Amino acid sequence: MSWQDRLRDLGERLVSGEITTAQYRTESEALLAEADQEAAAETQPSPPEKSAREKVPIPVSAAWEAPSGEMTQIVGTSDKTTMVNPGIADRLDQPDASAT
């Protein structure tokens with residue numbers, strides 16, 4: 001019998017007057033705790049097989065670096081940003097060419 005069926009039967013016993021509200025609370029809490037433990041045991045990952053475990057090679061240069069929470073890779077140093085339309089602030093900073 002599944003935990004859902006047992007909980008339904010417990011509810012029916014409460015409605016019929018076989019058990020009190022306090023008994024229902026105690027038994028239903030125990031039932032749900034048991035169901036939770038069973039579900040947790042079923043979802044635990046199995047340990048990996050030793051033969052199927054793959055080793056990842058680590059370069060020797062990595063041993064010289066101190067591990068940190070964030071490591072950044074810089075690919076290039078040239079900036080190839082293109083301005084399509086200058087902003088309003090840029091136009092205000094430049095002297096008006098028609099004024100000269």
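Modeller: Let's begin with one serine: Ser 28 has 9% relative accessibility, so Ser 28 counts as buried (buried means under 20% relative accessible area, exposed over 50%, partly exposed in between, with a 1.4 Å probe and protein chains only). This is a predicted model, where local features need pLDDT of at least 70 and side-chain atom pairs count only at pLDDT 80 or more, while totals for chains, interfaces and linings use all residues. Residues are numbered from 1 along each chain as its sequence is written, and side-chain values use heavy atoms, with hydrogens and water left out.

Biologist: Which residues does Ser 28 touch, not counting residues up to four places away in sequence?

Modeller: Ser 28 itself sits in helix H2. Touching here is contact, meaning heavy atoms within 4.5 Å. With residues up to four places away in sequence left out, the partners of Ser 28 are Leu 7 and Leu 10.

Biologist: What pattern does the protein follow along the sequence?

Modeller: Helices (H or I, at least four residues) and strands (E, at least two) are DSSP runs, numbered from the N terminus. The protein has three helices and zero strands. Read along the sequence, that gives α-α-α.

Biologist: Are H1 and H2 roughly parallel or roughly antiparallel?

Modeller: Their axes come within 10 Å and cross at roughly 180°; axes are lines fitted to C-alpha atoms, for helices over the stretch in contact, and angles run from 0 to 180 degrees between N-to-C directions. Angles under 35 degrees count as roughly parallel, over 145 as roughly antiparallel, 65 to 115 as roughly perpendicular and the rest as oblique. So H1 is, relative to H2, roughly antiparallel.

Biologist: How many nonpolar residues does the contact of H1 with H2 have?

Modeller: On the H1 side the contact includes Trp 3, Leu 7 and Leu 10, and on the H2 side Tyr 24, Ser 28 and Leu 31 are among the residues. For the classes, Ala, Val, Leu, Ile, Met, Phe, Trp, Tyr, Cys and Pro count as nonpolar, Asp, Glu, Lys and Arg as charged, and the others, Gly among them, as polar. The contact has four charged residues, three polar ones and, for the class you asked about, eight nonpolar.

Biologist: How many salt bridges does a search of the whole structure find?

Modeller: A salt bridge is a side-chain nitrogen of Lys or Arg within 4 Å of a carboxyl oxygen of Asp or Glu. One of them joins Arg 8 and Asp 5, at 2.9 Å from N to O, and both residues lie in helix H1, three residues apart. For the whole structure, the search comes to four.

Biologist: How many residues apart are Arg 6 and Glu 34?

Modeller: Their side chains meet in a salt bridge, 3.3 Å from N to O. Arg 6 is in helix H1 and Glu 34 in helix H2 (residues 21-43), so the pair links distant parts of the chain, and the separation is 28 residues.

Biologist: Which residues do salt bridges that share partners join with Arg 13 into one network?

Modeller: Glu 27 forms a salt bridge with Arg 13, the closest N and O atoms being 3.6 Å apart. Glu 27 lies in helix H2 and Arg 13 in helix H1, so this pair ties together parts 14 residues apart in sequence. In the network, Arg 13 is joined with Glu 18 and Glu 27.
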